[in-house]
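Hi,

Here is the structure I promised to pass on. Have a look at it first, and my notes follow below.

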Amino acid sequence: MTASNPKFSVAIIGGGIGGITLALALSKYPDIRFDLYEAAGAFEEIGAGVGIFARSLYALEDLGLIDALETINTPSSLSANAWDYRKADLYPTGKQFARRFYATDLKGSGNYHRAQLLTLLVSLLPEHVRNQCIHFKKRLVRYENDATNGQVTMHFADGSTATSSVLIGADGIKSPTRQCMLAERAALETDDAEKARILKHALPRWSGMVAYRGLVSADEVAAISGEPHRCTKDRIMYCGRNAHLVVFPIAMGKKINVVAFVSKNVLPEHKAAAAAGTLKDDERTWPQDKPWIEPVPQEEMLEAYDGFEEEAIALLKCIKSPSRWAIHELDPLPFYAHGNVAVLGDAAHATQPHAGQGANQSIEDAYTLALALGSSYATAQTIPKALKAYEQARLTRANEVIVHSSQTGKMHQFMKDPEYDALDRLKAYIEGNSNRWLFIGSPKEEAEAAIISVFNAD
């Protein structure tokens, strides 16, 4: 953003939901100049559906974005603030065993088409930001810190460079910013064990799970099932041993987001090892030369759900050309900032998607980071403190989401409880507000408390 007399400049690497939200939040501060660098030739999002919940809504409301969000929100009449949990690996008909309510009447709460949400957020950027401060086809390769002038120099894949006072990596799970930041921090250590402890967080790890994703029309589901499907108005979790489906309406109820997770012997080499009795859980790794996302035959997906109830299978049959996504995550990072560099969103805490928190955590990060950088305490000389305030407000909570999401995925596949049919205990856990902590609290109050704590520590 153009500022006549900026106190410092910010470079945002990555134009996903987190990066664009940060740009929107920083545009509220006329004394901060910022530029956004996107690796692709245009803004784009992968995936289909995303839920936006209470804490993110508080942040988006403070940024004045809620009314705009409502224009693309799936109305609550089409998607109740509840999830129905079904024991679905019972053919031909499963049974509902729990319902979890998300009791909120907050404006904007609901399900969104991810690409529509990103397009809307981009459209809300000030015109001069869109015209002057967005740079496409800029893939970060590495950066260098210059201690003499307090500037960070970025090197891009096209051979160009740029400088900024602050570098924020919103560049996803494979984040070059994170890898460079961790390497820079590890280089300061003299103890090899400590270096290794830091560097182990550089690369993502495979969760042992894959997802088959699809976006289907409500009319097509009705045509296959022979009647209106419950998923056109309800959010449903079809749970089964080693596999589960997450289903909910988006795009004003015209589309159904279907994500089918599988966690047992998902690759041919795993199946062969399992058949031979040589596969161990800790040896299941994703081959380095294998794409994380690739098209697969529908038969592969359907085979994983053999024995599931008919209404779940009807949804899967609507996905004619599924893609298989290897679900990766990060080992929780020990820090999110070093010097004048920080990471947010998946670059900081990529998690399995079972708590529906990926986009929400990115929004909270961006909002908190803007509050820290926009604070009257933050100057060109105190940037590291501002970034540490962001880290203090966000690290513990966001890292806990990584653990919680992993545990939730196991619960959805009856792996959390050793007794496969202990539905009464699962029901008590699900309906007992076990994840209420994800939705309570104020990101603004937490950010302000961290800013005061860090800047008044001396």
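A term to start with: buried means under 20% relative accessible area, exposed over 50%, and partly exposed in between, with a 1.4 Å probe and protein chains only. This is a predicted model, where local features need pLDDT of at least 70 and side-chain atom pairs count only at pLDDT 80 or more, while totals for chains, interfaces and linings use all residues. Residues are numbered from 1 along each chain as its sequence is written, and side-chain values use heavy atoms, with hydrogens and water left out.

Leu 69 first. At 1% relative accessibility, Leu 69 counts as buried. Its place is in helix H3, residues 66-70 (helices are DSSP runs of H or I with at least four residues, strands are E runs of at least two, both numbered from the N terminus). Leaving out residues up to four places away in sequence, Leu 69 touches Leu 60, Tyr 112, Leu 117 and Leu 120, where contact means heavy atoms within 4.5 Å.

Next, the helix pair. The axes of H1 (residues 17-26) and H4 (residues 114-123) come within 10 Å and cross at roughly 20 degrees; the axes are lines fitted to C-alpha atoms over the stretch in contact, with angles from 0 to 180 degrees between N-to-C directions. H1 and H4 are therefore roughly parallel (under 35 degrees; over 145 is roughly antiparallel, 65 to 115 roughly perpendicular, the rest oblique). On the H1 side, Ile 17, Ile 20, Thr 21 and Leu 24 meet Arg 114, Leu 117, Leu 118, Leu 121 and Val 122 of H4.

Strand S4 (residues 82-87) pairs with S13 in the parallel sense over five bridges, pairing being at least two DSSP bridges between two strands. Strand S14 (residues 243-250) runs antiparallel to S13, also joined by five bridges. Met 237 is the bridge partner of Tyr 85, and Val 246 in S14 is the bridge partner of Met 237. The S13–S14 hairpin has two residues between the strands, and Asn 242 takes a positive phi near 70 degrees.

Cheers
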